[in-house]
Amino acid sequence: MVNCFYFPGEETDSTHLTYLLTAITSHPEVEKRIVAEIDEVLGSRCAVKYEDLAKLTYLEQASKEALRLHPPQPAVTRMANENITLGGYHIPAKTSIMVNVHVLHHHIKYWDDPEKFDPDRFAPSNHEEVEHYAYIPFSLGRHTCIGMHFAQIQAKMLLARLFQTFKLELLPGQDLKEVEHMTLRPKNGTRCTLTLR
């Protein structure tokens with residue numbers, strides 16, 4: 001029972017936040033837009049209110065793009081409930097099938113310049129451009145992660161407060177190679193410095 005709550009509630013969230021912070025601090029133009037948006041929405045107020053979250057649209061776009069590039073759960077498994085054919089392959093009923101989310105999120109068929117961190121992919125004006133089944137960081141349908149909304153709210157609230165207060169800078173010379181443990185994560189972690197804005 002503990003794993004049921006810890007893994008989706010903490011492990012995946014911390015991994016997502018690690019990659020999101022790394023991506024934002026590696027792209028000064030993105031960080032500048034996020035800080036400007038936070039300043040506009042919060043002003044001098046320290047507390048982030050629930051109603052503020054819907055206004056932090058660019059921060060949400062950056063969060064979604066980090067989930068595309070680095071889905072904390074890089075693969076999901078499903079069981080075929082009937083005989084099917086996929087891509088010319090016969091799959092008998094009751095066969096376990098693995099969907100590689102990481103490969104799907106980087107597939108050139110669905111994403112232009114798939115290795116680039118580009119929050120504008122998820123701008124409201126591009127909503128129709130995102131292939132529904134090509135972006136599944138929380139899975140889909142009846143298997144959608146129960147913690148999806150919690151994770152999105154938590155990320156926006158934490159980052160809004162963090163970037164309102166601090167300037168983050170990645171320490172140079174880090175190896176951010178990914179490794180799969182319980183989640184997809186940087187093999188050696190990440191290190192950064194925080195200075196007051």
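Predicted model: local features only at pLDDT ≥ 70, side-chain atom pairs only at ≥ 80, totals over all residues.
**Entry 1**

Where does Asp113 sit? I found Asp113 in the loop between helix 5 (101-105) and helix 6 (148-165). Its relative accessible area came out at 47%, so I noted Asp113 as partly exposed.

**Entry 2: aromatic rings**

Next I turned to the rings. A pair of aromatic rings is described by the distance of the centres and the angle of the planes. How many aromatic pairs does the structure hold? I counted three.

I began with Trp111 and Phe122, whose ring centres are 6.1 Å apart and whose planes meet at 45°, so I wrote this pair down as tilted. This pair links distant parts of the chain: Trp111 and Phe122 are 11 residues apart, each in the loop between helix 5 and helix 6. I also checked their cover and found both Trp111 and Phe122 buried.

Then I followed Phe122 to Tyr135. Here the centres lie 4.9 Å apart with the planes at 50°, so this pair is tilted. Phe122 and Tyr135 are 13 residues apart, both placed in the loop between helix 5 and helix 6, and I logged this pair too as a link between distant parts of the chain. Tyr135 is buried, as is Phe122.

Putting the rings together, I have a cluster in which ring pairs link Trp111, Phe122 and Tyr135.

**Entry 3: salt bridges**

I then listed the salt bridges, and the structure holds eight. I went through some of them one by one.

Asp52 pairs with Arg45, and I read 2.8 Å between their closest N and O atoms. Is Asp52 buried or exposed? At 3% relative accessibility, Asp52 counts as buried.

I have Lys64 down as partly exposed at 24% relative accessibility, and Glu60 as partly exposed at 28%.

I found that Glu60 also forms a salt bridge with Lys156, where the closest N and O atoms are 2.9 Å apart. Lys156 is in helix 6 while Glu60 is in helix 4, so this pair ties together parts that are 96 residues apart in sequence. Lys156 has a relative accessibility of 7%, under the 20% cut-off, so I recorded Lys156 as buried.

**Entry 4: a network**

Which residues are linked with Lys167 in a network of salt bridges? I traced Glu31 and Arg197 as the residues joined with Lys167 there.

Conventions. Residues numbered from 1 in each chain as written. Heavy atoms only, no water. Helix = DSSP H or I, 4+ residues; strand = E, 2+ residues; numbered from the N terminus. Buried < 20%, exposed > 50% of the residue type's maximum accessible area, 1.4 Å probe, protein only. Phe/Tyr/Trp six-rings, centres within 6.5 Å; stacked < 30°, edge-to-face > 60°. Salt bridge = Lys/Arg side-chain N within 4 Å of Asp/Glu carboxyl O.
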